[in-house]
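Welcome, and please load the model in your viewer.

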Amino acid sequence: MHAMRILLVEDEPVSRTALTQILKTEGDHQMTVAENGAAAWDLLDDPGRSFDVVFLDLGLPKMDGFALLQRIRQAPLLKSLDVVVCTASSDRSTVVKAVQHGARHYIVKPCTPEVVLAKLRQLQPAHPANGERLLSGAR
């Protein structure tokens, strides 16, 4: 598997550790972790950083996952960034809302390594995601 730049946005320590371990089992991925939506936005908005995929919890402090997803989709340099929602909520309205806000995949926690890695494999970059901004220097 091609090494990917992954941003994991998860406030729950047990889930954060589990997802980090799962994502590191396959490929030499560069992992960055944010514990709340505001910290994640600061990382995403940093012109010196870029990511191939975001694994995003919805129930986050400071800025919830829906608000972060909306910001990502409104930012010209981030709008094509792949986002995988990984949350405990399994109700249909939440899934529909996440997809309408631009989530590429939706995983219900607790999740198995097979499901997480299958989603990651589907997102193998054929393009540099939001890495173009590093080449252009624009923000």
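Select helix 2 and helix 3 to begin: helix 2 passes helix 3 in a right-handed crossing (right-handed if the near helix is turned clockwise from the far one by less than a right angle, left-handed if anticlockwise). Show the side chains of Gly37, Ala40, Trp41 and Leu44 on helix 2 and of Leu68, Arg71 and Ile72 on helix 3, and you have the residues that make the contact, where contact means heavy atoms within 4.5 Å. Coloured by class, this contact has 5 nonpolar, 1 polar and 1 charged residues; Ala, Val, Leu, Ile, Met, Phe, Trp, Tyr, Cys and Pro count as nonpolar, Asp, Glu, Lys and Arg as charged, and the others, Gly among them, as polar.

A word on what you are viewing. This is a predicted model, in which local features need pLDDT of at least 70, side-chain atom pairs count only at pLDDT 80 or more, and totals for chains, interfaces and linings use all residues. Residues are numbered from 1 along each chain as its sequence is written, and side-chain values use heavy atoms, with hydrogens and water left out.

Now draw the two axes, which are lines fitted to C-alpha atoms over the stretch in contact, with angles running from 0 to 180 degrees between N-to-C directions. Helix 2 (residues 37–44) and helix 3 (residues 65–74) pack at about 15°, and their axes are 9 Å apart. They are therefore roughly parallel, a term for angles under 35 degrees.

Stay on helix 3 and pick Ala67. Is Ala67 buried or partly exposed? Ala67 is partly exposed, at 29% relative accessible area; buried means under 20%, exposed over 50% and partly exposed in between, with a 1.4 Å probe and protein chains only. From Ala67 to Gly37 the C-alpha distance is 8.0 Å, across 30 residues of sequence.

Next, select Thr20 in helix 1. Thr20 is buried, with a relative accessible area of 17%. Leaving aside residues up to four places away in sequence, Thr20 touches Leu8, Met31 and Val33.

Move on to helix 5 (residues 113–122), whose buried residues are Val116, Leu117 and Leu120. These cover an arc of only 90° around the axis, which puts them on the same side of helix 5; the arc is that of the directions from the helix axis to the C-beta atoms. Their cover includes strand 1 (5–9), helix 1 (13–24), strand 3 (53–56) and strand 5 (105–108).

Finally, zoom out to the whole chain: 6 helices and 5 strands, taken as DSSP runs (H or I, at least four residues, for helices; E, at least two, for strands) and numbered from the N terminus. Buried residues make up 45% of its 139 residues.

How values were computed. Angles under 35 degrees count as roughly parallel, over 145 as roughly antiparallel, 65 to 115 as roughly perpendicular and the rest as oblique.
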